[in-house]
Amino acid sequence: MSKITIQNIEKSYGGEALFNGLSFEALPGMRLAVAGPNGSGKSTLLKILAGRAEPDAGSVVLTKGARVGYVAQELSGVDLAEPLLGWVLAALPNWGDFWREWAHAVAAKDEARLRRLSERQARLEQQFGYHPEHKARAILSGLGFSDDDLSRRLEWLSGGWRERAKLARVLLQGADILLLDEPTNHLDLEAVEWLEDYLLNFKGTLIFVAHDRIFLERVGTHVLVLGTARPVLRAGSFSEFLAWMAENAEQREREAANISARIEHEQEFIRRFRVKARKAAQAQSKIKRVEKMQDELSRLKGDGLAARPGRRLSFRLPEPLRGDKVAVNAVDLEFAYAERPTLRLWPRLSFQVFRGRKIALVAPNGAGKSTLLKILTGELNPTHGYAKLGNSTVLGYFSQHQTEILRPTGTVMAEMRRLCDPKCTEEQLMGVLGLFLLGQAYFERPVAALSGGEKSRLVLASLFLGRANLLILDEPTNHLDLESREGLVAALKDFEGTIFMVAHDRYLMAEVAEEIWSLGPEGLTQHHEGFEEFDAKRRAALNEARLESRRDARKPDCAPVSAESVNSEGSADDGQAAKRLSKEDKRKQAELRNAFSRKLKPLREEYAKAEHDLTRVLLEQGELEAKMNDPATYESGGEAIAVNNQYREVSDWAETLMERMAALEGKIAVIQAEMDAQLGACVE
């Protein structure tokens, strides 16, 4: 059983402590969500656990032999020249070398070597699964890669897709302890959900950083919060942690109010009687008691947790100018890049965005969502059709590169004044900056000193005070921490104008979007319901598609071939015909049989190997079924989960083997039929 033990670790940067005396133990089956504001040390903690950074004090102890999976490596020039599938598989032992050794041992009839290779195969299969390439393809497909992508070199992939490839490689390697830092970044909706399901079936220890509220809720079994006066570790889901945190804060507020009242009462006595001789000693005693209570009050306030979740705006955003009834009118929009003019991103699109609607545009990565937004904002020109904003529509646009509009030498407050409506009050400027966690300490800080996430928050804050009545947003929650996302959701819910946004953040869409528009090869489909109803329909359709695919996979491509035909070299009819053949015909027929035998031999060997593996796998499947039927298995939840996961993997591999055998039978049957036809021609 692999575990990781953290003992009193400390880490500081620039004299400021990230964490001090942090201790905890993570065991198999534990999925620990590390939360906290940006800059609280979440990524640093993962680097320390992965051995990529050293703590200032304390230690990290791993079980001997534990394998740690961590996405960190930079891609070298050699890596970038590799094809995607080959690079991902390169993280594993070379199975090609193994099978070459196996073939040599078979040819030499070296039984001792075959036994050693069989033992080695069992160890490798237990560690990496029965069929690594099958598993690699499944992981890459789950993360959104197509079959065509598998042969593409990494240098041809964008930065986001390279990050997916790095994640795929780590997941394929297998790990006892898996460390993931913002794994949902760069993933579309389907890929995030696939990753969730994958991690829910992960048998080892998972420690991860994420700001996706729903991902945190679904995956985490424990929560560790950094960035508070002291780190807090709690068992339970993220929503249970938030409920506990709110209850804890309320309790502290009650205790603080009670102590404040007692202090006021004691101070009143002191003010009245400290100068009177008879009461002076009692007053002096009360002074000491007040000092102790003030210390306790300071401890309560200083030792509190992070700000309570779900905070709402304490003021109203400025009401935007009233816009046209139709904020956006698009007619026959079409777009193709100049270097690939025949490749259209989507069929011609025509649509209208009406005033006051809040719309989320969803589609897989690469479908052209951001391109569509750039056309609507005028950054790109369509290759056909047009998109027009209403005459009274005032546009506010946000994308990841919008931080370029900021002046590096300007201060945060100066940039807010420059970018916002001149009529905004100082109170409004400070209030919105505070909402996006750019409070008083940031007001006079130069923009050049801000992190990328802080610059994004500053641009977002300015949008809400620019009196725009149409907000077009491209992934606005990327690089925002959890509390910043809460603030953005609150602001968007209160916004009285029109919103058209691209997002993969399910919490944002569920809270803000009134309509969901999906973009695909068939064009634009409008769903006039909230995200939850849309998502339920989408999941049902995906499940039905998977079931249909599995049903199709089980259908044989051709009539089954009997074992006799698979293992025979000819037929009885050939023997009768041979009696009537001349020596020359017999020689030709023998040459044909030899030629076809050479074709059939590798297929028969592969079939025999698959049949041998299937026998072994079915035996293991039976043993696992017996365990699943044994009530003792369910006495330990961990064992039951492990057995079910093993059974699922074994069943998938058995199904793959049967599909492979069916395909081999088809190939053998084709060659056998061709041989029979040519032998028949010889007889004639």
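Author: Helix 6 (residues 132-142) packs against helix 7 with 10 Å between the two axes and an angle of about 140°. The model is a predicted one. Two packed helices are described by the angle between their axes and the distance between the axes. Angles over 145 degrees would count as roughly antiparallel; helix 6 and helix 7 are therefore oblique to each other. The crossing in which helix 6 passes helix 7 is right-handed. On the side of helix 6, the contact is made by Pro132, Lys135, Ala136, Ile139 and Leu140. Helix 7 contributes Ala168, Leu171 and Leu172.

Arg164 pairs with Asp188, and their closest N and O atoms lie 4.0 Å apart. This pair joins distant parts of the chain, since Arg164 belongs to helix 7 (residues 159-173), while Asp188 sits in the loop between strand 6 (177-181) and helix 8 (189-200), 24 residues apart. Arg164 counts as buried because its relative accessibility is 1%, and the cut-off for that class is under 20%. Asp188 is likewise buried, with a relative accessible area of 5%.

Glu182 is placed in the loop between strand 6 and helix 8, and its phi is near 50°, a positive value in a residue other than glycine. Most residues other than glycine have a negative phi. Glu182 is buried at a relative accessible area of 14%. A second residue of this kind is Lys109, a residue other than glycine whose phi is positive and near 55°. Lys109 lies in the loop between helix 4 (95-108) and helix 5 (111-128). With 69% relative accessibility, Lys109 counts as exposed.

Glu196 meets Arg506 in a salt bridge, with 2.4 Å from N to O. The partners are 310 residues apart and link distant parts of the chain, Arg506 being in helix 17 (residues 506-512) and Glu196 in helix 8. Both Arg506 and Glu196 are buried.

Asp535 and Arg538 form a salt bridge in which the closest N and O atoms are 2.5 Å apart. These two residues are three positions apart in helix 18 (residues 531-554), so about one helical turn separates them. Asp535 is buried, as is Arg538. Both belong to a network of salt bridges that also links Glu190, Glu193 and Arg539. The count of salt bridges comes to 27.

A second pair of helices can be described in the terms used at the outset. Helix 13 (residues 412-419) packs on helix 15 (residues 452-464) at an angle of about 35°, and their axes are 9 Å apart. Here, too, the crossing is right-handed, as helix 13 passes helix 15. Val412, Glu415, Met416 and Leu419 of helix 13 meet Leu458, Ala461 and Ser462 of helix 15.

Three strands form an open sheet in the order 2-1-4, and their pairing is antiparallel. Strand 2 (16-26) and strand 4 (57-62) are at the edges, each with a single partner strand, so one side of each has no neighbour in the sheet. From one strand to the next, the twist averages 20°. Strand 1 (residues 4-13) is paired with strand 2 over seven bridges in the antiparallel sense. Within this part, Lys11 stands opposite Phe19 of strand 2. Helix 1 (residues 42-49) lies across strand 1, strand 2 and strand 4, and runs at about 130° to strand 1.

One further helix deserves mention. Leu242 is found in helix 10 (residues 238-273). At 10% relative accessibility, Leu242 counts as buried. Its C-alpha is 9.8 Å from that of Val223, a residue 19 positions away in sequence.

To return to the part requested, helix 6 and helix 7 are oblique to each other and meet through residues that include Ile139 and Leu172.

How values were computed. Residues numbered from 1 in each chain as written. Predicted model: local features only at pLDDT ≥ 70, side-chain atom pairs only at ≥ 80, totals over all residues. Heavy atoms only, no water. Salt bridge = Lys/Arg side-chain N within 4 Å of Asp/Glu carboxyl O. Helix = DSSP H or I, 4+ residues; strand = E, 2+ residues; numbered from the N terminus. Buried < 20%, exposed > 50% of the residue type's maximum accessible area, 1.4 Å probe, protein only. Pairing = 2+ DSSP bridges. Axes fitted to C-alpha atoms, helices over the stretch in contact; angles between N-to-C directions. Contact = heavy atoms within 4.5 Å. Parallel < 35°, antiparallel > 145°, perpendicular 65-115°, else oblique. Left-handed = near helix turned anticlockwise from the far one by under 90°.
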